[in-house]
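User: Can you walk me through reading a pocket and some charge pairs in a model?

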Amino acid sequence: IPDELVPSQQEIADQIAAIWSQPTYLAMIPAIQLCGPDAIGKRNVAAAACAQVGLNLGVMTGETLPTSPSELERLIRLWERESALSKSALLLESDEMDAADTARSASFARVIERVNGVMLIATRDRRPMRQRPMITFDIGKPTLSEQRALWRQTLGGAAESLNGQLETLTAQFDITDQVIRAAGAQALGQAAQRQLSGEAASAD
């Protein structure tokens, strides 16, 4: 289960879950394409959508796919058996895949077209499909208001001592929710360490 999604990403997860909950009369379930540079955000949206409909989430990365057709077909069959047993959707990620690697790109496209089950595709840019129906969502960073809310949530009472600097911080740095949570936790840890050091010095 990922960290709590910001509202704009939760809305997308809700839409994906709603799509999966509707009956389909297509030969293959439409693939869900998640586009954008935030790899962790895309994975979190996928996991949240799966959790809503009672699915686990398996992940394959494009750069690790075999390029041999026979090995690829074996991997696809293995996944289809595993997904049926574990009630899992597949997230196929291409964020680290070399665009110049044509053999790997062909394997990536082959998995999308061949795997007959619930599938999500994580890409930086929109990727057209030749045969499989696909629904695309753009996964962006949290909005500025969501970033401010995340800073306040992460910093807690310490946010009040910033005296308006939170607005400046949000305006200057357009960052993801994971970065905000990590930076806030680090700042709180450093503040606690300074307080302990000060108390120890006073005791001396």
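User: How many nonpolar, polar and charged residues line the largest pocket?

Analyst: Rolling a probe the size of a water molecule over the atoms shows where empty space is left. Here the largest pocket's lining has six charged, three polar (Gly counts here too) and two nonpolar residues (charged: Asp, Glu, Lys, Arg; nonpolar: Ala, Val, Leu, Ile, Met, Phe, Trp, Tyr, Cys, Pro; polar: the others). A pocket is an open set of 1 Å grid points over the protein atoms alone where a 1.4 Å probe fits, with protein on both sides within 12 Å along at least five of seven lines; lining residues have an atom within 4 Å of a point. Among them are D95, D98, R124, D125, R126 and R127.

This is a predicted model, so local features need pLDDT of at least 70 and side-chain atom pairs 80 or more, while totals for chains, interfaces and linings use all residues. Numbering runs from 1 along each chain as written, and side-chain values use heavy atoms, without hydrogens or water.

User: Which residue pairs with R43 in a salt bridge?

Analyst: Side chains of opposite charge can pair when their charged atoms come close. R43 pairs with E93, at 2.7 Å between the closest N and O atoms (cut-off: Lys or Arg side-chain nitrogen within 4 Å of an Asp or Glu carboxyl oxygen). E93 is buried at 8% relative accessibility, while R43 is partly exposed at 37% (buried is under 20%, exposed over 50%, partly exposed in between; 1.4 Å probe, protein chains only).
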